[in-house]
Amino acid sequence: MAKKLKGKNRLIMKYTILDYLEETASRFPDKTAFADVNTSVTWSDFLAHAKEKSSVIAKYFEPGQAVPVMIDKSVKTLEYFFGALYAGCFYSYFDATFPDERLNSMISTLGVKHIIADSRFEKKLSKLNVTPLFFKNLQEEKAEYSDTRRRAIIDTDPVYANFTSGSTGTPKAVLVSHRSVIDFISVFTEIFGIESSDNIANQAPFDFDVSVKDIFSGVFTGAAVHLVPKMFFSFPTKLLDFLEEREITILIWAVSALCIVSTLNGFDYKVPAKLRKIMFSGEVMPVKQLEIWKKFIPAAEYINLYGPTEITCNCSYFRIPQDADLSAYTKGVPMGIPFPNERIILLDENDKPITECDKEGEVCVSGTCVALGYYNSEKTKEVFVQNPNNKAFFERIYKTGDLASLGTDGNFYYIGRKDTQIKHMGHRIELGEIENAIAKHESITRACCIFADNKITAFYVGKETEKKEIVTLIKVSLPAYMVPSDFIYIKDFPLTKNGKIDKRALTEKLNACKD
């Protein structure tokens, strides 16, 4: 970006994330870069390993192509991510626990023939429409590193593709460029004072964009990134031991992950002594859970982050004052203010800008942060659009589908979804995708899902069916976090005057069942 490094008789601008990795490796060659429970790697070794892997990756993938990686979260996984980048490609993480149907849809979207994988997933991969390249075999292949592809990268080339839920039943791959990552992470690390001395605990899976903040905050500053095993979140004592032993200073976690610690009374066992910044996103933070965190770790700074994958992680933030009366946040913890170089626009139903305070509108975002779009999808044209109120020049915005208002205090406040998309267990989910999966059952003609009290409830019409039978069916195509908690049979759906399913009436029926 703006900073330039002196080279041989020329100026070299840092316009790819690899420039930042190389600078960090030169500044902190022997410092820990990434660590999992079994191994760790220094910045200099990480750089060398990524280059080595890129030479082999280049034999199987063309420049600009997606490199799917199916390896459990580890240092090795990250080395293959950056190996893909040095090969002039972009990476996409594949979760082996996903159903075959969903993984094959992802493979089809990316149009790939190969996937880098752990051989322990061989049986799983035999059901997928792709040829596995097992990393144990790749390690034995020899190829000399060439920087030809690396030198050809430009800042609008993609870094990664993260898949989100799709309302049509087809997951969408959000494509994010070097320029967007640099723009966001440069500001993110500066605003929140992330330094080389910090230890970041990575909670998020690598297919969830919260992990982008962990990985690249380390790359940009030299901070060490420690990968927390997923199983530790089922055992708060192990999790808190990990945070204490690794002297973790920064958490950038999904709300649901933080709530695991507080709801299971984890702090009665141990309170990590080094934590200084705790950031959260993905869902609305329950005030009661935030109060518990602040009670046990009062000196830390707490920051609410907001933003969808399509705008490179986050577009707004709110620093919670140390002496804040959390009960005063009757509208929830604020979304806050936009990050520098990002613009938040609220549009009404007629795409006209809302300037009045406390009036609801759709959150739209413009700036370098806006992703390249969805890979190989016509959906890009629907939400990555020209600002309807700018007739003078091209200004692309992303229409989030989220509703918010601007408060008199200058902060934005989240209201909810414009459509049926929700945030649940840290994941963005299209309820329509769940409805489509349920409706595949031969005895069910139609389904409608309601999200309330942090639970997904499915209503369906047709013939009454055993819950176990429906769950077995939908698990073929949906990950576990998308399976509804309850399935309610009704004879007919209530309809609005326009002939649409009356979701408000279903919500009232759901509340009546609770009573």
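Buried means under 20% relative accessible area, exposed means over 50%, and partly exposed lies in between (1.4 Å probe, protein chains only). This is a predicted model, where local features need pLDDT of at least 70, side-chain atom pairs count only at pLDDT 80 or more, and totals for chains, interfaces and linings use all residues. Residues are numbered from 1 along each chain as its sequence is written, and side-chain values use heavy atoms, with hydrogens and water left out.

**Exercise 1.** Work out whether Gly426 is buried or exposed, and what it touches.

Step 1: Gly426 has 1% relative accessibility, so it counts as buried.

Step 2: Find its place: the loop between strands S24 (421-424) and S25 (427-430). Strands here are DSSP runs (E, at least two residues), numbered from the N terminus.

Step 3: Leaving out residues up to four places away in sequence, Gly426 touches Phe208, Ala254, Ser256 and Glu283. Contact means heavy atoms within 4.5 Å.

**Exercise 2.** Find which strands pair with S22.

Step 1: Two strands pair if DSSP finds at least two bridges between them.

Step 2: S19 (residues 361-367) runs antiparallel to S22, joined by five bridges; Glu362 has Leu403 as its bridge partner in S22.

Step 3: S21 (residues 384-386) is antiparallel to S22 too, over three bridges, with Val385 opposite Ile397.

Step 4: S23 (residues 412-417) pairs with S22 over five bridges, again antiparallel, and Asp402 stands opposite Arg417.

**Exercise 3.** How many residues of S22 are buried?

Step 1: S22 spans residues 396-406.

Step 2: Nine of its 11 residues are buried, leaving the strand mostly covered.

Note on methods: Helix = DSSP H or I, 4+ residues; strand = E, 2+ residues; numbered from the N terminus.
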